[in-house]
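Student: Could you take me through this model feature by feature, giving the general idea before the particular case?
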Amino acid sequence: MTRRIAVLNQKGGVGKTTTTVNLAAALANEGHRTLVLDLDPQAHATLHLGLMPGRSGPSLYEVLTQGLPLKEVRRTVADNLDVCGSHIDLAAAEVELIGTVGREVILRDQLAAEDGEPYDFVIMDCPPSLGILTLNALCAAREVFIPLQAHFLALHGLSKLLETIHLVSKRVNRDLRVSGVVLCLYESGTRLGAEVVEDLERFFESRRQASSPWSDAQIFRTRIRRNIRLAECPSFGQSIFQYAPTSRGAADYASLAGEIQGRAPAGFWASSDQPSPA
Ligand code: ADP
Ligand code: MG
């Protein structure tokens, strides 16, 4: 079964794209067939993976607005790593789809129309908003990862985000789960970093006491530390594993990839495709 993960936070600059690209690259390096769907009209993930938006053919814009199959859009960018790119046109999809019935499930249906389930992981990079593009990701995903930048307003807006995901899960996608929070741009050894972790633990504890949804979300053990190599590699169109394989950034994303493989959501593995013990 494919693990379909939406990387989502309505704030910009928290590490969504960096996490999408480098987590996908880490999983691909380990031999998992991985697909990145770039749902942000800014096309940062597309560029980060070495493609020029628009130059390499159609994008998710044509998938969402004209029914083009995903296989016509995806490109292979490394061993085991494919991407369906974005384009600035995708910004217009929000408006163009207003009158379309079922507009929030177009991506889900397109993924279902793929022959078999050729991927182990599908990772979706979301725009910093909660519009129709994000809604398509939430309807197509089974899991949400929330990157948080470890700074003093980190938790601001988190309740609203969790409520939105809860609404989608109640109304259109009962399989959806918030799997975890990824702390990005983490300053190890600082008081601020430790305080954000404590705040986050308290936040989920208070949700547990109030029986609020997603109080069981994990804070991933792996912290993605601030690392200049991670900020440099997008302009080379390379993942951290191509650009600086011995950097701390590469080590952190490899560690996150290892951690999430041990943490599929409850009930995820059907008996037929449970991985055999190594
Ligand atoms: P988002 O997709 O949420 O807007 P990005 O992943 O684009 O966020 O990250 C915002 C900026 O911070 C980018 O310039 C990116 O290169 C940089 N960045 C992200 N994570 C790190 C990190 N761990 N260390 C250093 N720079 C980072
Ligand atoms: Mg981004």
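This is a predicted model: local features need pLDDT of at least 70, side-chain atom pairs count only at pLDDT 80 or more; totals for chains, interfaces and linings use all residues.

Student: How many residues does H8 have, and what distance does H8 reach?

Tutor: The expected span of a helix is 1.5 Å times one less than its number of residues. Helix H8 (residues 191-209) has 19 residues and reaches 27 Å from its first C-alpha to its last, close to the expected 27 Å. For helix H11 (residues 248-261), with 14 residues, the end C-alpha atoms are 20 Å apart, which agrees with the 20 Å that the rule gives.

Student: Which residues of H11 are buried, and what do they pack against?

Tutor: A residue is buried if 20 or more other C-beta atoms, placed from the backbone, lie within 10 Å of its own, exposed if 12 or fewer, and partly exposed in between. In H11 the buried residues are Gly-249, Ala-250, Asp-252, Tyr-253, Ala-254, Leu-256, Ala-257 and Ile-260, and they pack against H1, E7, H9 and helix H10 (240-243), where contact requires C-beta atoms, placed from the backbone, within 7 Å.

Student: Is Gly-13 buried or exposed?

Tutor: Gly-13, found in the loop between E1 and H1, counts as exposed because it has 12 C-beta neighbours inside 10 Å. Its C-alpha is 9.9 Å from that of Cys-184, although Gly-13 and Cys-184 are 171 residues apart in sequence.

Student: In what order do the strands of the open sheet run?

Tutor: Strands of a sheet pair through backbone hydrogen bonds, either parallel or antiparallel; here two strands count as paired if DSSP finds at least two bridges between them. The open sheet has 8 strands in the order E3-E4-E2-E5-E1-E6-E7-E8, with mixed pairing. Its edge strands, each pairing on one side only, are strand E3 (74-78) and strand E8 (218-219).

Student: Which strands are joined to E6, and how many residues of E6 are buried?

Tutor: Strand E6 (residues 143-149) is mostly covered, with 6 of its 7 residues buried. Strand E1 (residues 3-7) runs parallel to E6 and is joined to it by 3 bridges, with Val-7 opposite Phe-145. Strand E7 (residues 177-184) is also parallel to E6, through 7 bridges, and there Val-181 is the bridge partner of Ile-146. Elsewhere in the sheet, 5 bridges join the parallel strands E2 (residues 34-38) and E5 (residues 121-125), where Leu-37 stands opposite Met-124.

Student: Which residues come nearest to ligand 1?

Tutor: A residue is near a molecule if its C-beta atom, placed from the backbone, lies within 6 Å of it. Of the 17 residues around ligand 1, Lys-16, Thr-17, Thr-18, Leu-230 and Ala-231 come nearest. The elements giving two or more residues to this shell are helix H1 (16-29) and helix H9 (228-232), and the largest share, 3 residues, comes from H1.

How values were computed
Residues are numbered from 1 along each chain as its sequence is written. Chains are lettered from A and ligands numbered from 1 in the order in which they are written. Helices (H or I, at least four residues) and strands (E, at least two) are DSSP runs, numbered from the N terminus. Two residues are in contact if their C-beta atoms, placed from the backbone, lie within 7 Å.
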